[in-house]
Structures are given as structure tokens and as C-alpha cells.
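Hi,

Here is the structure I said I'd pass along.

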Amino acid sequence: MKTNRFIAGLFSLLLFTGCYQGDSADLIIHNAQIYSCDESFTIYEAMAIRDGKIIQLGPEREILNGYKCDHLIDAQLRPVFPGFHDGHAHFWGYAKTLAQADLTGSASFDECIDRIQSFAETCETEWIEGRGWDQTLWDPAAFPNNARLNELFPDRPILIRRVDGHAALANQAALDLAGITSATVIEGGWIEVIDGNLTGILLDNAYDLVAGVIPEMDPDTKLAYLKRAENSLFEVGLTSLNDAGINHEDRELFEQWYGNNDLTIKSYAMLFADDENLDFAKTEGIKNIGNLHIGSFKLLADGALGSRGACLISPYSDLTDHYGFLLRDSAALYDIAYFASEIGYQVNTHCIGDSANRVMLKIYADLNQGKPDHRWKIEHAQVIQPEDFAYFQNHHIIPSVQPTHCTSDMRWAEQRLGKHRLKHAYAYQTLLSKTGMIVLGTDFPVERIYPLETFYAAITRQDREGSPEGGFYPDESLSREEALLGMTIWPAFSNFEDQEKGTLEKGKAADFVILTKDIMKIAPSEILTTFVEQTFVDGECVFDGR
Ligand SMILES: [Zn+2]
């Protein structure tokens with residue numbers, strides 16, 4: 001027995017020296033628990049990296065003996081994961097919040113007003129923008145109106161968006177600049193008028209009327225905010241994101257910035273289907289510029305549930321005769337999806353209500369004939385009729401969901417939907433069982449940027465305070481392994497990026513994070529006090545919290 005082991009040892013030693021003698025590595029991570037997220041969910045002790053790629057993984061001694069390397073990181077048994085990938089986010093939307101009044105978590109509209117007043121003192125621009133108010137946290141839980149803002153700011157325009165981005169409040173100065181009157185009508189949106197007077201509440205496309213007259217930030221200032229945002233994303237362990245909706249002006253800027261390597265985080269840019277973007281897609285096709293990957297469209301079928309803009313098959317349970325609405329009619333949605341299928345672009349469509357989901361699933365199914373691997377996504381896939389889950393399975397449609405939406409919405413979702421419909425809402429495990437894959441994200445800045453909060457919400461279906469006990473519809477929770485794959489390889493796969501990243505395997509990009517605690521083993525409550533120690537993109541450390 002001993003002799004056998006000796007011979008085996010000698011043999012493997014010869015094998016190493018034969019293979020690796022003289023090989024060098026730029027970086028070795030060792031004494032680690034490396035969750036590769038490969039097919040067999042292999043855990044390694046060490047990995048070697050060269051030119052931004054993983055060149056080998058294996059046991060401690062094999063890697064340390066196999067490579068010449070001046071840069072070793074002893075992980076002290078800490079866990080290493082593939083860099084986290086947010087499957088649905090708004091990069092510029094988040095960066096912009098760094099230049100806006102932060103209204104998230106305000107316990108009342110009065111608190112919002114206080115925050116706006118103190119923000120106004122240091123705000124250098126004429127317009128004051130804010131983001132994050134949520135009337136469901138207030139008593140009463142009703143939309144605000146602009147009366148107080150008009151008193152306090154008669155001449156300075158103000159536009160503050162609801163947390164979901166689908167509703168906003170504008171003061172009279174802002175409404176005047178946008179030319180909105182009580183007679184203004186807008187398709188795919190809504191302007192609230194009570195007793196003949198504007199209240200300042202704007203839904204969906206109505207918001208754009210006001211947002212459209214706010215002077216644009218100059219590109220250099222924009223880039224400076226994006227870089228600040230990028231640092232915050234690295235700090236929480238994100239190395240990739242799906243940027244869910246880019247107009248052509250921003251697409252041109254991102255092309256320039258990524259072309260100059262001004263930005264590093266890997267971005268899968270979903271283009272809004274404006275005329276210039278449609279032209280671009282037709283002439284340029286799929287494009288990779290630095291770490292920017294362009295090859296898909298973002299469509300919006302409906303709005304959000306919180307502001308009752310989600311399009312439902314039966315009326316809202318708390319507003320009879322109100323069904324929400326489609327933001328574009330189904331023929332227009334079909335035309336863009338058809339165009340995409342002709343030029344080999346992917347389609348990712350925002351669908352919240354069961355009606356919006358059904359409309360889009362039918363369009364995808366129709367265009368899926370003969371194209372089994374198009375990896376088109378439904379963004380949010382929030383409320384689904386039971387019979388419609390089969391579309392995901394039969395037509396390889398990938399759901400992209402946000403577990404923290406579930407734990408934010410759970411306080412009021414039943415009021416909007418009623419018990420029966422709620423059973424088929426936020427149904428992540430059901431979706432996964434149909435498709436074998438589910439993409440996870442945050443939709444930041446709608447939710448916070450933290451991927452570990454996504455992981456926690458997906459496995460517990462609880463808010464950060466741990467309620468409700470046992471979780472909200474716990475049958476729909478994901479296992480830790482499923483949640484991890486949903487934040488790494490599944491989004492990469494859904495973007496056709498799985499050959500380059502998403503797992504820690506030989507030949508793939510060295511995008512990874514080292515965490516302070518092993519989220520695969522610790523108690524769920526400890527996940528929220530786990531931190532990112534270091535983040536690497538292409539083998540380069542982009543965040544070091546040690
Ligand atoms: Zn979004």
C-alpha cells in the first residue's frame with residue numbers, strides 16, 4: 001500500500017515537472033475554497049492566472065509547485081467565487097443617483113421634503129432630481145401631490161422618481177417647462193388630474209415628457225459619475241452586469257468609453273429600440289468593444305406593479321376596472337422582435353403583469369420556430385398564469401428575475417394581485433424547474449446594488465430583518481447552489497458569454513471575488529454581514545478591502 005502510494009506520488013511528480021517546469025503565472029490564489037461553478041460544482045484549493053485568464057486549477061501543492069510566480073495570495077481558506085454578474089441593472093441609472101437626492105426608505109412624504117431641502121442647498125444644477133420614494137412605506141400609503149414642493153420651490157424645477165422608476169412627482173415649475181397641462185394626453189403613460197388640476201404625478205411615458213427637458217450632463221461629468229459607480233459595484237463583488245436599456249446617445253458614449261478602456265466592468269448592453277439603435281444593429285451587428293458587449297434589444301411591454309402600470313389579464317384587486325396597460329401594442333413589439341431574430345440579436349423584454357408576459361411569451365414562441373438556441377429573456381417574469389409557464393419550457397425562454405423585488409413587494413403584492421394570482425407571482429423555483437436556468441439581478445437602482453442581498457433573498461425569501469418567518473411562499477425559494485449559478489454562469493450563458501466567463505475553469509477570464517465568509521455554509525442571517533475582501537477582473541485586482 002505504502003509502496004503504491006510512493007510510486008503514484010513519484011509518477012505525479014514526474015508528470016508535473018514534465019508538464020509545468022518553466023511555466024510562469026502572473027498570480028496564484030492558494031489555500032482557498034474555490035467554487036468553480038463548473039458542471040460538477042468542483043471546489044479547488046488553488047488556481048493559477050496568466051494574461052487575465054485562468055491557466056490551471058487544482059490541489060494546493062500541484063499549483064504552487066507547478067508555476068513560477070511572484071504574486072501569491074494566500075486566501076487563508078476563504079471562499080472564492082466567480083465574479084458576480086447582475087442580470088438586470090441600470091449602470092447609468094445608478095451612477096445618476098449619485099447626483100440626485102436620495103429618497104429611498106423615506107418614512108413619509110414630509111421626510112422626502114426634508115431630504116430635498118437639504119439636498120437643494122448643495123445641488124449645483126438648476127433642476128433638482130431625486131429618486132427612491134415609495135408611498136407603500138407611508139401612512140396613508142397614497143401617492144403624494146406637488147402642493148408643498150410648489151410652495152417651497154416656486155421657480156426651481158423638481159422631478160422625483162418613485163423607487164420603481166415607473167412613477168414620478170414633478171412640481172409645477174417642472175410641469176411648465178415640459179409644457180404639460182391638465183389637457184395633455186400621452187400614450188403608454190398617465191398624467192394624474194384631480195378636480196381639473198395637475199397633481200404632479202406622472203406614470204411611465206408621461207415621466208419622459210419632463211425628463212426630456214432636463215439639460216443633459218456633459219460626457220466628462222457623466223463618465224466621472226460612472227467611474228464612481230463602478231468602484232461601488234466592484235466593492236460589492238460585481239464584475240459583470242446586464243445594462244437593461246441604453247438609448248443611442250448613451251450607446252455612442254459607452255462605445256467610446258469602453259473603446260478607451262475608461263470603464264472596466266463587463267457590460268452586456270441591451271439597446272432600446274430607437275431608430276438610431278435599430279440602424280446600428282442592422283449595419284454593425286453584434287459588437288464587442290473592450291468589455292462592452294452589444295447584441296440585444298431591451299423592450300418594455302408594461303410598467304410596474306407598485307404604481308399599477310403592470311398589465312394584468314383581470315383587474316387589479318385593489319382598483320377594480322383597472323388592468324394596467326401595455327406600453328406598446330403587441331404588433332409593434334412583434335415587429336421589433338422579428339427584426340431582432342432576422343439580424344441575430346437577442347431580445348430581453350420587461351414583463352411584469354400576466355397579460356404582458358403572455359403577449360411576449362407568445363411572440364417569442366412564434367419567433368422561436370427553428371431557432372432553438374436564441375436565449376431570449378423575459379425580464380422580471382413577475383406574474384404568470386399557470387398555463388403560461390410552459391412557454392418557458394417549450395421555447396427555451398430564459399427568465400431573468402430580481403429576488404429583492406420579491407422581498408420588497410411582498411408587503412403589498414397581495415393587495416394588488418389577490419391571493420390566487422400571488423401564488424404564481426415571483427415563482428422563481430417554478431420558473432427554474434421549467435427552464436433549468438434562472439438569471440438573478442437587482443434592477444439597481446430600483447433595489448440596492450448588493451449581490452449578497454440577492455443571494456440571501458433568493459434562498460430565504462425574507463427581508464433583511466428576517467421576516468416573514470419561514471419566508472414568503474418558501475416553496476419558490478432557490479437552493480444556495482441555484483442562487484450562486486443564477487449570479488454567475490447562468491447570466492453569462494443567457495448572454496452567449498459562457499465560453500469566456502461565468503465559471504472558474506481553465507481558459508476562462510479570471511473574474512472572481514474573495515469573500516470574508518463562506519455563504520454556501522454559514523447561517524442565512526450571517527450572509528448579510530459577509531463582505532467582499534477582493535474583486536478581480538481579468539486577473540487584475542479592482543477592489544481591495546483588506
Ligand atoms: Zn430595469
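Which residue just after H12 takes a positive phi? That's Gly 370, with a phi of about 80°. Before the rest, two bits of housekeeping. This is a predicted model, where local features need pLDDT of at least 70, side-chain atom pairs count only at pLDDT 80 or more, and totals for chains, interfaces and linings use all residues. Residues are numbered from 1 along each chain as its sequence is written. The helices (H or I, at least four residues) and strands (E, at least two) are DSSP runs, numbered from the N terminus.

**Helix H12**
H12 covers residues 354–368. At 1.5 Å times one less than its number of residues, its 15 residues should span 21 Å, and the end C-alpha atoms are 20 Å apart, which agrees. Its buried residues include Asp 354, Arg 358, Leu 361 and Tyr 364 (buried: 20 or more other C-beta atoms within 10 Å of the residue's own, with C-beta atoms placed from the backbone). The buried residues of H12 pack against helices H11 (330–343) and H13 (389–394) and strands E19 (346–351) and E20 (377–380); contact here needs C-beta atoms, placed from the backbone, within 7 Å.

**Strand E18**
For E18 (residues 292–300), 9 of the 9 residues are buried, so the strand is largely enclosed by the rest of the structure. Pairing takes at least two DSSP bridges between two strands, and E18 has these partners:
- E16 (residues 266–272) runs parallel to E18 over 6 bridges, with Tyr 268 opposite His 293.
- E17 (residues 287–289) is antiparallel to E18, with 3 bridges; Lys 287 has Ile 294 as its bridge partner.
- E19 is parallel to E18, with 5 bridges, and Leu 300 is bridged to His 350.

The hairpin of E17 and E18 has 2 residues between the strands, and Gly 290 there takes a positive phi near 55°. E18, H11 and E19 also make a right-handed β-α-β unit (right-handed: with the strands pointing away from you, the path from the first strand over the helix to the second runs clockwise).

**Another sheet**
There's also an open, mixed sheet of 6 strands, in the order E3-E2-E7-E23-E24-E25. E3 (43–44) and E25 (540–544) are at the edges with a single partner strand each, so one side of each has no neighbour in the sheet. Inside that order, E2 (residues 33–35) and E7 (residues 79–82) pair in the parallel sense over 2 bridges, and Ile 34 sits opposite Val 80.

Cheers

Technical notes: Buried ≥ 20, exposed ≤ 12 C-beta atoms within 10 Å, placed from the backbone. Contact = placed C-beta atoms within 7 Å.
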